[in-house]
Amino acid sequence: MTEVQKINAESLKLKTYAGEPYLLTPGPLTTSLATKEAMLRDWGSWDADFNKATAHIRSSLLEMAGADSDTYVCVPMQGSGTFSVEASLATAIDVKGKALLLMNGAYGKRAALTLDYLKRDYIVLDKGDYLPPSPEEVDEILTQNADVTDVFLVHCETSSGILNPLKEISNVVKKHGKGLIVDAMSSFGGVPLTVSEVPFDVMVSSANKCIEGVPGFGFVIIKKTLLESSKGRSHSLSLDLYEQWKHMEKTGQWRFTPPTHTVIAFHEALKQHAEEGGVAGRHSRYSRNRDVLVSGMRALGFETLLDDVWLSPIITTFLSPDHENFEFKKFYDELKKRNFIIYPGKLTEVESFRMGCIGQIDEYVVLDLIKAVEESLAAMSVDGV
Ligand SMILES: *Cc1c(COP(=O)(O)O)cnc(C)c1O
(Lines give C-alpha, C1' and ligand atoms only; values in the text may rest on other atoms or scores of the structure.)
Protein backbone atom coordinates (compact mmCIF):
# COMPACT_ATOMS: atom_id res chain seq x y z
CA MET A 1 0.00 0.00 0.00
CA THR A 2 1.30 3.42 -0.83
CA GLU A 3 1.02 6.23 1.69
CA VAL A 4 -1.88 7.79 -0.15
CA GLN A 5 -3.80 4.53 -0.41
CA LYS A 6 -3.29 3.93 3.29
CA ILE A 7 -4.61 7.33 4.25
CA ASN A 8 -7.43 6.82 1.81
CA ALA A 9 -8.38 3.59 3.53
CA GLU A 10 -8.20 5.14 7.00
CA SER A 11 -10.17 8.26 6.15
CA LEU A 12 -13.79 8.32 7.25
CA LYS A 13 -15.59 6.20 4.70
CA LEU A 14 -14.26 8.04 1.73
CA LYS A 15 -13.58 5.73 -1.13
CA THR A 16 -12.09 6.70 -4.45
CA TYR A 17 -10.07 4.50 -6.73
CA ALA A 18 -6.87 3.96 -4.78
CA GLY A 19 -3.93 5.77 -6.31
CA GLU A 20 -6.02 8.15 -8.41
CA PRO A 21 -4.95 11.74 -7.72
CA TYR A 22 -7.19 13.86 -5.53
CA LEU A 23 -8.73 16.75 -7.40
CA LEU A 24 -8.49 19.78 -5.14
CA THR A 25 -10.49 21.64 -7.72
CA PRO A 26 -14.03 22.94 -7.32
CA GLY A 27 -15.61 20.67 -9.92
CA PRO A 28 -14.88 18.38 -11.60
CA LEU A 29 -13.85 17.00 -8.24
CA THR A 30 -13.02 13.67 -6.63
CA THR A 31 -16.13 11.51 -6.61
CA SER A 32 -16.84 8.39 -4.60
CA LEU A 33 -16.31 4.91 -5.94
CA ALA A 34 -20.07 4.25 -5.73
CA THR A 35 -20.76 7.30 -7.88
CA LYS A 36 -18.23 6.17 -10.47
CA GLU A 37 -19.61 2.63 -10.43
CA ALA A 38 -23.14 3.88 -11.04
CA MET A 39 -21.95 4.82 -14.53
CA LEU A 40 -21.08 1.25 -15.50
CA ARG A 41 -24.28 0.64 -17.36
CA ASP A 42 -26.21 2.16 -20.23
CA TRP A 43 -29.68 3.65 -20.07
CA GLY A 44 -32.29 4.45 -22.67
CA SER A 45 -33.47 8.03 -22.40
CA TRP A 46 -37.09 6.89 -22.89
CA ASP A 47 -36.94 4.22 -20.23
CA ALA A 48 -39.37 4.56 -17.34
CA ASP A 49 -36.70 3.76 -14.73
CA PHE A 50 -34.43 6.43 -16.14
CA ASN A 51 -37.28 8.94 -16.08
CA LYS A 52 -38.00 8.01 -12.49
CA ALA A 53 -34.39 8.91 -11.63
CA THR A 54 -34.83 12.30 -13.32
CA ALA A 55 -38.06 12.96 -11.41
CA HIS A 56 -36.42 11.96 -8.14
CA ILE A 57 -33.48 14.27 -8.79
CA ARG A 58 -35.81 17.19 -9.52
CA SER A 59 -37.88 16.74 -6.37
CA SER A 60 -34.82 16.13 -4.16
CA LEU A 61 -33.20 19.36 -5.33
CA LEU A 62 -36.37 21.34 -4.62
CA GLU A 63 -36.46 19.83 -1.18
CA MET A 64 -32.78 20.69 -0.60
CA ALA A 65 -33.62 24.33 -1.38
CA GLY A 66 -36.62 24.22 0.95
CA ALA A 67 -38.79 25.13 -2.03
CA ASP A 68 -42.34 23.81 -2.28
CA SER A 69 -43.47 22.40 -5.59
CA ASP A 70 -46.48 24.72 -5.88
CA THR A 71 -44.26 27.77 -6.01
CA TYR A 72 -40.97 26.56 -7.49
CA VAL A 73 -39.86 24.08 -10.13
CA CYS A 74 -36.51 22.45 -10.79
CA VAL A 75 -35.42 22.23 -14.42
CA PRO A 76 -32.20 20.39 -15.29
CA MET A 77 -30.35 21.42 -18.43
CA GLN A 78 -27.69 19.59 -20.43
CA GLY A 79 -24.18 21.05 -20.56
CA SER A 80 -21.81 22.59 -18.03
CA GLY A 81 -22.99 25.08 -15.42
CA THR A 82 -22.57 28.05 -17.75
CA PHE A 83 -25.23 26.61 -20.07
CA SER A 84 -27.71 26.74 -17.19
CA VAL A 85 -26.68 30.27 -16.23
CA GLU A 86 -27.18 31.40 -19.81
CA ALA A 87 -30.55 29.63 -20.02
CA SER A 88 -31.59 31.25 -16.72
CA LEU A 89 -30.58 34.79 -17.66
CA ALA A 90 -32.40 34.46 -20.99
CA THR A 91 -35.49 33.19 -19.18
CA ALA A 92 -35.58 35.43 -16.13
CA ILE A 93 -34.71 38.81 -17.62
CA ASP A 94 -37.29 40.25 -19.96
CA VAL A 95 -36.00 41.57 -23.31
CA LYS A 96 -37.00 45.02 -22.07
CA GLY A 97 -35.60 44.41 -18.57
CA LYS A 98 -32.40 45.71 -17.01
CA ALA A 99 -30.11 43.79 -14.70
CA LEU A 100 -27.80 44.88 -11.91
CA LEU A 101 -24.79 42.54 -11.87
CA LEU A 102 -22.87 42.32 -8.61
CA MET A 103 -19.37 41.35 -9.60
CA ASN A 104 -16.26 40.34 -7.75
CA GLY A 105 -14.57 37.85 -9.98
CA ALA A 106 -14.63 35.77 -13.12
CA TYR A 107 -18.16 34.38 -12.81
CA GLY A 108 -19.73 37.82 -12.37
CA LYS A 109 -17.79 38.94 -15.44
CA ARG A 110 -19.06 35.91 -17.35
CA ALA A 111 -22.65 36.92 -16.55
CA ALA A 112 -21.98 40.33 -18.13
CA LEU A 113 -20.56 38.67 -21.23
CA THR A 114 -23.63 36.46 -21.39
CA LEU A 115 -25.94 39.48 -21.25
CA ASP A 116 -23.92 41.05 -24.08
CA TYR A 117 -24.69 37.98 -26.19
CA LEU A 118 -28.33 38.06 -25.09
CA LYS A 119 -28.54 41.80 -25.80
CA ARG A 120 -30.01 42.54 -22.38
CA ASP A 121 -29.41 45.88 -20.74
CA TYR A 122 -27.42 45.90 -17.48
CA ILE A 123 -25.40 47.95 -15.03
CA VAL A 124 -22.63 46.59 -12.79
CA LEU A 125 -21.21 47.01 -9.35
CA ASP A 126 -17.67 45.73 -9.85
CA LYS A 127 -15.74 45.18 -6.61
CA GLY A 128 -12.59 43.89 -8.31
CA ASP A 129 -10.93 40.62 -7.41
CA TYR A 130 -11.93 39.92 -3.85
CA LEU A 131 -14.07 42.49 -2.06
CA PRO A 132 -17.72 41.65 -1.31
CA PRO A 133 -20.54 43.92 -2.50
CA SER A 134 -22.26 45.44 0.54
CA PRO A 135 -26.03 45.56 1.10
CA GLU A 136 -25.77 49.36 1.57
CA GLU A 137 -24.19 49.80 -1.86
CA VAL A 138 -26.85 47.64 -3.46
CA ASP A 139 -29.57 49.61 -1.66
CA GLU A 140 -28.18 52.87 -2.99
CA ILE A 141 -27.82 51.64 -6.56
CA LEU A 142 -31.36 50.28 -6.58
CA THR A 143 -32.68 53.57 -5.15
CA GLN A 144 -30.94 55.51 -7.89
CA ASN A 145 -31.81 53.10 -10.70
CA ALA A 146 -35.50 52.38 -10.39
CA ASP A 147 -35.56 50.86 -13.89
CA VAL A 148 -33.47 47.86 -12.77
CA THR A 149 -35.68 44.75 -12.90
CA ASP A 150 -33.34 41.97 -11.73
CA VAL A 151 -30.23 41.57 -9.59
CA PHE A 152 -27.63 38.87 -10.26
CA LEU A 153 -25.22 37.69 -7.59
CA VAL A 154 -22.71 34.84 -7.33
CA HIS A 155 -22.99 33.13 -3.94
CA CYS A 156 -19.46 31.71 -3.68
CA GLU A 157 -17.28 33.48 -6.27
CA THR A 158 -15.10 30.49 -7.06
CA SER A 159 -12.36 32.60 -8.64
CA SER A 160 -11.28 33.89 -5.22
CA GLY A 161 -13.26 31.60 -2.89
CA ILE A 162 -15.19 34.46 -1.29
CA LEU A 163 -18.59 33.69 0.18
CA ASN A 164 -20.66 36.76 -0.67
CA PRO A 165 -23.23 38.12 1.84
CA LEU A 166 -26.16 36.64 -0.06
CA LYS A 167 -28.78 36.78 2.67
CA GLU A 168 -28.21 40.45 3.52
CA ILE A 169 -28.24 41.41 -0.15
CA SER A 170 -31.34 39.37 -0.88
CA ASN A 171 -33.20 41.35 1.79
CA VAL A 172 -32.30 44.60 0.05
CA VAL A 173 -33.24 43.25 -3.39
CA LYS A 174 -36.63 42.11 -2.10
CA LYS A 175 -37.22 45.41 -0.25
CA HIS A 176 -36.96 47.05 -3.67
CA GLY A 177 -39.24 44.42 -5.22
CA LYS A 178 -36.66 43.24 -7.78
CA GLY A 179 -36.04 39.78 -9.18
CA LEU A 180 -33.10 37.88 -7.63
CA ILE A 181 -30.96 35.53 -9.70
CA VAL A 182 -28.34 33.58 -7.74
CA ASP A 183 -25.40 31.70 -9.22
CA ALA A 184 -24.96 29.15 -6.43
CA MET A 185 -23.03 26.84 -8.70
CA SER A 186 -20.16 26.10 -6.36
CA SER A 187 -22.08 26.37 -3.07
CA PHE A 188 -25.48 24.68 -3.39
CA GLY A 189 -25.57 21.43 -1.45
CA GLY A 190 -22.48 22.37 0.59
CA VAL A 191 -23.52 25.71 2.08
CA PRO A 192 -27.03 26.24 3.49
CA LEU A 193 -29.25 28.07 0.99
CA THR A 194 -33.01 27.85 1.30
CA VAL A 195 -35.84 30.00 -0.05
CA SER A 196 -37.00 30.90 3.45
CA GLU A 197 -33.60 32.49 4.14
CA VAL A 198 -32.88 33.77 0.66
CA PRO A 199 -36.10 34.38 -1.30
CA PHE A 200 -34.57 33.96 -4.75
CA ASP A 201 -36.50 33.90 -8.00
CA VAL A 202 -33.88 31.84 -9.76
CA MET A 203 -31.01 29.73 -8.42
CA VAL A 204 -28.53 27.90 -10.62
CA SER A 205 -26.14 25.07 -9.78
CA SER A 206 -24.63 22.01 -11.44
CA ALA A 207 -23.97 18.31 -11.08
CA ASN A 208 -20.24 18.38 -10.46
CA LYS A 209 -19.85 20.67 -7.47
CA CYS A 210 -21.05 20.19 -3.87
CA ILE A 211 -23.41 17.32 -4.65
CA GLU A 212 -20.30 15.52 -5.92
CA GLY A 213 -21.56 14.18 -9.21
CA VAL A 214 -19.69 14.19 -12.51
CA PRO A 215 -19.98 16.95 -15.14
CA GLY A 216 -22.73 16.91 -17.76
CA PHE A 217 -25.70 18.99 -16.65
CA GLY A 218 -26.78 21.94 -14.54
CA PHE A 219 -30.08 22.68 -12.88
CA VAL A 220 -32.22 25.71 -12.22
CA ILE A 221 -34.67 26.22 -9.37
CA ILE A 222 -37.07 28.90 -10.50
CA LYS A 223 -40.40 30.43 -9.46
CA LYS A 224 -43.15 28.74 -11.42
CA THR A 225 -44.96 32.01 -12.26
CA LEU A 226 -41.73 33.48 -13.65
CA LEU A 227 -41.07 30.43 -15.80
CA GLU A 228 -44.66 30.42 -17.06
CA SER A 229 -44.39 34.06 -18.07
CA SER A 230 -41.18 33.43 -20.05
CA LYS A 231 -42.68 31.44 -22.92
CA GLY A 232 -41.11 32.52 -26.19
CA ARG A 233 -38.47 34.72 -24.50
CA SER A 234 -35.41 32.53 -24.98
CA HIS A 235 -32.96 33.34 -27.77
CA SER A 236 -31.98 29.70 -28.10
CA LEU A 237 -33.69 26.48 -29.10
CA SER A 238 -31.55 24.17 -26.98
CA LEU A 239 -31.27 26.47 -23.94
CA ASP A 240 -34.98 27.27 -23.74
CA LEU A 241 -35.72 26.55 -20.08
CA TYR A 242 -39.47 26.98 -20.53
CA GLU A 243 -39.63 24.39 -23.32
CA GLN A 244 -37.38 21.99 -21.40
CA TRP A 245 -39.75 22.27 -18.43
CA LYS A 246 -42.92 21.83 -20.50
CA HIS A 247 -41.47 18.77 -22.20
CA MET A 248 -40.39 17.23 -18.90
CA GLU A 249 -43.76 17.86 -17.30
CA LYS A 250 -45.56 16.29 -20.23
CA THR A 251 -43.33 13.28 -20.97
CA GLY A 252 -41.03 12.85 -17.96
CA GLN A 253 -38.15 12.96 -20.43
CA TRP A 254 -35.44 15.45 -21.22
CA ARG A 255 -36.24 17.40 -24.41
CA PHE A 256 -33.04 16.35 -26.20
CA THR A 257 -30.60 13.50 -25.41
CA PRO A 258 -29.72 13.64 -21.71
CA PRO A 259 -26.24 12.81 -20.35
CA THR A 260 -27.60 9.47 -19.11
CA HIS A 261 -24.53 8.27 -17.21
CA THR A 262 -24.13 11.64 -15.51
CA VAL A 263 -27.78 11.66 -14.47
CA ILE A 264 -27.53 8.19 -12.92
CA ALA A 265 -24.24 9.09 -11.19
CA PHE A 266 -25.91 12.20 -9.79
CA HIS A 267 -28.83 10.14 -8.56
CA GLU A 268 -26.34 7.97 -6.65
CA ALA A 269 -24.43 11.05 -5.42
CA LEU A 270 -27.65 12.52 -4.02
CA LYS A 271 -28.18 9.34 -2.00
CA GLN A 272 -24.73 9.74 -0.44
CA HIS A 273 -25.41 13.43 0.18
CA ALA A 274 -28.49 12.47 2.22
CA GLU A 275 -26.57 9.72 4.06
CA GLU A 276 -23.91 12.24 5.07
CA GLY A 277 -26.58 14.36 6.73
CA GLY A 278 -27.59 16.51 3.77
CA VAL A 279 -26.36 20.09 3.43
CA ALA A 280 -25.54 20.36 7.15
CA GLY A 281 -23.37 17.23 7.11
CA ARG A 282 -21.53 18.25 4.00
CA HIS A 283 -21.08 21.81 5.21
CA SER A 284 -19.41 20.59 8.38
CA ARG A 285 -17.00 18.25 6.52
CA TYR A 286 -16.08 20.97 4.01
CA SER A 287 -15.64 23.57 6.78
CA ARG A 288 -13.34 21.20 8.63
CA ASN A 289 -11.36 20.63 5.41
CA ARG A 290 -10.99 24.38 5.00
CA ASP A 291 -9.92 24.93 8.61
CA VAL A 292 -7.28 22.20 8.47
CA LEU A 293 -6.10 23.45 5.08
CA VAL A 294 -5.82 27.09 6.11
CA SER A 295 -4.10 26.43 9.43
CA GLY A 296 -1.71 23.92 7.85
CA MET A 297 -0.77 26.25 5.01
CA ARG A 298 -0.38 29.22 7.37
CA ALA A 299 1.91 27.14 9.54
CA LEU A 300 4.10 26.68 6.45
CA GLY A 301 4.11 30.45 5.95
CA PHE A 302 1.47 30.84 3.23
CA GLU A 303 -1.05 33.67 3.32
CA THR A 304 -4.69 33.53 2.26
CA LEU A 305 -5.98 36.19 -0.10
CA LEU A 306 -9.07 36.74 2.04
CA ASP A 307 -9.66 37.62 5.68
CA ASP A 308 -11.07 34.72 7.69
CA VAL A 309 -14.60 36.13 7.72
CA TRP A 310 -14.91 35.77 3.90
CA LEU A 311 -13.30 32.33 3.54
CA SER A 312 -15.79 29.87 2.03
CA PRO A 313 -15.67 26.15 2.78
CA ILE A 314 -15.47 25.61 -1.01
CA ILE A 315 -12.07 26.80 -2.20
CA THR A 316 -9.24 28.89 -0.78
CA THR A 317 -6.90 31.22 -2.63
CA PHE A 318 -3.30 31.41 -1.38
CA LEU A 319 -0.84 34.07 -2.44
CA SER A 320 2.20 32.70 -4.24
CA PRO A 321 5.27 33.09 -2.05
CA ASP A 322 7.65 35.80 -3.01
CA HIS A 323 10.63 33.44 -3.30
CA GLU A 324 12.86 33.31 -6.38
CA ASN A 325 12.59 29.51 -6.64
CA PHE A 326 8.81 29.38 -6.41
CA GLU A 327 7.11 28.77 -9.69
CA PHE A 328 3.47 27.64 -9.95
CA LYS A 329 4.09 25.14 -12.76
CA LYS A 330 6.83 23.38 -10.79
CA PHE A 331 4.77 23.44 -7.61
CA TYR A 332 1.84 21.92 -9.53
CA ASP A 333 4.02 19.14 -10.94
CA GLU A 334 5.58 18.35 -7.56
CA LEU A 335 2.13 18.10 -5.96
CA LYS A 336 0.86 15.99 -8.84
CA LYS A 337 3.74 13.56 -8.30
CA ARG A 338 2.39 13.29 -4.76
CA ASN A 339 -1.15 12.64 -6.00
CA PHE A 340 -2.73 16.07 -5.62
CA ILE A 341 -4.08 18.23 -8.41
CA ILE A 342 -4.44 21.91 -7.48
CA TYR A 343 -5.85 24.90 -9.35
CA PRO A 344 -4.09 27.97 -10.74
CA GLY A 345 -5.18 31.36 -9.42
CA LYS A 346 -7.71 33.47 -11.26
CA LEU A 347 -6.82 36.93 -10.01
CA THR A 348 -5.89 39.83 -12.23
CA GLU A 349 -3.58 41.63 -9.81
CA VAL A 350 -1.47 39.17 -7.82
CA GLU A 351 0.14 35.73 -8.28
CA SER A 352 -1.88 33.07 -6.52
CA PHE A 353 -3.08 29.48 -6.55
CA ARG A 354 -6.22 27.78 -5.27
CA MET A 355 -6.99 24.64 -3.31
CA GLY A 356 -10.49 23.20 -3.09
CA CYS A 357 -12.14 21.81 0.01
CA ILE A 358 -14.98 19.96 -1.74
CA GLY A 359 -15.36 16.46 -3.17
CA GLN A 360 -14.51 13.14 -1.55
CA ILE A 361 -11.78 14.47 0.70
CA ASP A 362 -11.64 14.81 4.44
CA GLU A 363 -9.27 16.32 6.98
CA TYR A 364 -6.90 13.32 6.80
CA VAL A 365 -6.50 13.82 3.08
CA VAL A 366 -5.93 17.53 3.73
CA LEU A 367 -3.24 16.73 6.31
CA ASP A 368 -1.55 14.54 3.73
CA LEU A 369 -1.77 17.43 1.28
CA ILE A 370 -0.03 19.76 3.74
CA LYS A 371 2.78 17.22 4.02
CA ALA A 372 2.98 17.04 0.22
CA VAL A 373 3.18 20.84 0.05
CA GLU A 374 6.08 20.83 2.51
CA GLU A 375 7.91 18.17 0.47
CA SER A 376 7.22 20.03 -2.77
CA LEU A 377 8.71 23.24 -1.40
CA ALA A 378 11.80 21.33 -0.32
CA ALA A 379 12.06 19.75 -3.79
CA MET A 380 11.94 23.24 -5.32
CA SER A 381 14.52 24.55 -2.81
CA VAL A 382 12.07 27.05 -1.44
CA ASP A 383 13.42 27.38 2.08
CA GLY A 384 10.78 29.23 4.03
CA VAL A 385 7.79 30.96 2.49
C1 LIG B 1 -18.28 26.24 -11.85
C2 LIG B 1 -18.98 27.54 -11.84
C3 LIG B 1 -19.79 27.96 -12.93
C4 LIG B 1 -19.99 27.16 -14.17
O5 LIG B 1 -18.82 26.85 -14.81
P6 LIG B 1 -18.80 25.69 -15.91
O7 LIG B 1 -17.36 25.60 -16.26
O8 LIG B 1 -19.64 26.14 -17.03
O9 LIG B 1 -19.37 24.47 -15.25
C10 LIG B 1 -20.49 29.15 -12.79
N11 LIG B 1 -20.40 29.90 -11.69
C12 LIG B 1 -19.63 29.55 -10.63
C13 LIG B 1 -19.60 30.42 -9.42
C14 LIG B 1 -18.90 28.35 -10.69
O15 LIG B 1 -18.13 28.00 -9.64
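Modeller: A polar contact is a pair of N or O atoms within 3.5 Å. Keep in mind that this is a predicted model.

Biologist: OK. How far is an oxygen atom of the ligand from the side chain of Thr82?

Modeller: The gap is 2.4 Å, from that oxygen atom to an N or O atom in the Thr82 side chain.

Biologist: And what distance does Asp183 show to a nitrogen atom of the ligand?

Modeller: For Asp183, an N or O atom of the side chain sits 2.7 Å from that nitrogen. Lys209 has a polar side-chain atom too, 2.8 Å from a ligand oxygen.

Biologist: How much of the ligand does the protein bury?

Modeller: The protein buries 86% of the 380 Å² that the ligand exposes when taken alone.

Biologist: Which residues surround the ligand?

Modeller: Among them are Ser80, Gly81, Thr82, Tyr107, Arg110 and Val154. The list also includes Cys156, Thr158, Asp183, Met185, Ser186 and Lys209.

Biologist: New topic. Where does UniProt place the feature "binding site"?

Modeller: The unreviewed UniProt entry puts that feature at Arg354. Arg354 belongs to strand E14, residues 352-356.

Biologist: Is Arg354 buried or exposed?

Modeller: Buried. Its relative accessibility is 3%, and buried means under 20%.

Biologist: What does Arg354 touch?

Modeller: Leaving out residues up to four places away in sequence, its contacts include Leu24, Thr158, Ser159 and Ile315. Thr316, Thr317, Ile342 and Tyr343 are also among them, as are Pro344, Gly345 and Lys346.

Biologist: Which backbone oxygen does the Arg354 side chain reach?

Modeller: That of Thr158, at 2.7 Å. Thr158 is also one of the residues around the ligand.

Technical notes. Residues are numbered from 1 along each chain as its sequence is written. This is a predicted model: local features need pLDDT of at least 70, side-chain atom pairs count only at pLDDT 80 or more; totals for chains, interfaces and linings use all residues. Side-chain values use heavy atoms; hydrogens and water are left out. UniProt positions are given in the numbering used here, feature names are shortened, and annotations may be inferred rather than shown by experiment. Helices (H or I, at least four residues) and strands (E, at least two) are DSSP runs, numbered from the N terminus. Buried means under 20% relative accessible area, exposed over 50%, partly exposed in between (1.4 Å probe, protein chains only). Contact means heavy atoms within 4.5 Å. A polar contact is a pair of N or O atoms within 3.5 Å; within protein, one must be able to donate a hydrogen and the other to accept it, and residues adjacent in sequence count only if both atoms are side-chain atoms. A residue is near a molecule or strand if one of its heavy atoms lies within 4 Å of it. Accessible areas come from the Shrake-Rupley method with a 1.4 Å probe; for residues, only the protein chains shown count as cover.
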